[in-house]
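Subject: The model for you to look at

Hi,

Here is the structure I promised to pass on. Could you open it and keep it beside this email while you read?

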Amino acid sequence: MGNYTFFNDFEPFVTKYENFDALGFPEDHPGRSKSDTYYLNSDSLLRTHTSAHEVECFQTSKTAGYLISADVYRRDEIDKTHYPVFHQMEGARIWKKSDFSSQEELINQLEKDIESLPKTNMIVEDPNPPFHEERNPKQDHMTDRETDLVAQHLKRTIEILVSQVFQTDEPLRVRWVEAYFPWTAPSWEIEVWWENEWLECCGCGVVRKPVLDTSGLDDTIGWAFGVGLDRLAMLLFGIPDIRLFWTLDPRFKSQFMEGQISKFKPYSKYPGTMRDVSYWINEDRSIHENDLMEIVRNTAGDLVESVKLIDEFVQPKTGRKSQCYRIHYQSMERSLTNEEINRYNDEVRDTLVKDFGLELR
Ligand code: FA5
Ligand code: MG
């Protein structure tokens, strides 16, 4: 499948420039905010995606393709499929136009590269055109044919990746949907039909010219993708809760052997319990949902299975709004006592008052 350089040991601290600016994130993109991203100071942060290393890899890779795998960090909701630390693998592949004596030769090479990819027996739904003027525009510096061929090479490559992960008796069903990323155009996501649901696995697209220019690849065309490894592993091994990857319980780790794929056999779960937290929010006293998630995480860590908004109402007379969140406490490794949970929950409530000035109900 061509020649790819592996980059597996980048430090997780990157600059705002690397994570966002170099990739053309608009100033008001929600991903930039303090409620979504762990900032160390105004200029550096914990990378939110492996794309933070895209420019560096384009600049230093000696091969036409590269792969990066790394831990990434996001302030996000707390539930079975979200964790503040997860893993991504990024891949990219370029073709340098000046390597070819004519446009025709470049096209021939792209066709040959697509032809030489291994075939899969998946059922692929791809209802949209390769690009669409409004919904998913192509870039001006590429011809229609170049865009179509680079897209085909990208899609076939990801299909191979997915088919190697999910080895099923029946042919696997996948579908391509249009997407948006600031540094690719056109862009897509692949979804896999798994246990009666379409699951988003990977975002990708044709790399935008400004990113290539910044990387010193001004006469180049190519693609990039980024896949969530923890979610893939959950599907593959039937792991029901993303926190299990972090448990020290030997009943988890002993089930898996390198190089073998086996279904997770659930062992008895320690009992859990829940507590509700309700408060009033005013115009001057409000809180972002991710801030609440962070307070809960800092207080009780992995002892929390999920945090969900269960009620919200506005008092008709005063116009004040009230929110109620339900916190499910459950440990992967031991039984929790009521006193312990009460202590955690009181600490969450105290922090809401102390740090956000909220009035509890
Ligand atoms: C990205 O992060 C882009 N960097 C992908 C990309 C790369 C696009 C190169 C184009 C070119 P997104 O935010 O959708 O995209 O995340 C990619 C995958 O990470 C998702 O499909 C999902 O599988 C996984 N993911 C996202 N948030 C979480 C989370 N909190 N916990 C676990 N997995 C997550
Ligand atoms: Mg997404």
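Below is what I found, going from the whole chain to single elements.

First, the conventions: this is a predicted model, in which local features need pLDDT of at least 70, side-chain atom pairs count only at pLDDT 80 or more, and totals for chains, interfaces and linings use all residues. Residues are numbered from 1 along each chain as its sequence is written, while chains are lettered from A and ligands numbered from 1 in the order in which they are written.

The C-alpha trace of the chain spans about 75 × 45 × 40 Å along its principal axes. The chain holds 9 helices and 14 strands (DSSP runs, H or I of at least four residues for helices and E of at least two for strands, numbered from the N terminus). Of its 361 residues, 29% are buried, meaning that 20 or more other C-beta atoms, placed from the backbone, lie within 10 Å of the residue's own; exposed means 12 or fewer, and partly exposed is in between. Among contacts (C-beta atoms, placed from the backbone, within 7 Å) between residues at least 6 apart in sequence, 68% join residues at least 24 apart.

The domain assignment, whose bounds come from an automatic or database source, gives domain 1 (4-237) and domain 2 (273-360). Their centres, taken over C-alpha atoms, are separated by 36 Å. Domain 1 puts 9 residues into the contact and domain 2 puts in 10 residues.

Leu106, Leu110 and Asp113 are the buried residues of H3. Seen down the axis of H3, they fall within an arc of 65 degrees, so they line one face of the helix (the arc is that of the directions from the helix axis to the C-beta atoms). Their cover includes strand E5 (85-96) and helix H4 (144-165). On the face turned away from the buried side are the exposed residues Glu104, Glu105, Asn108, Lys112 and Glu115.

Finally, strands E12 (residues 304-314) and E13 (residues 321-329) run antiparallel, joined by 9 bridges; strands pair if DSSP finds at least two bridges between them. Lysine 308 has arginine 326 in E13 as its bridge partner. E12 and E13 form a hairpin with 6 residues between them, and glycine 319 in the turn has a positive phi of about 75 degrees.

Best wishes

Conventions:
Contact = placed C-beta atoms within 7 Å.
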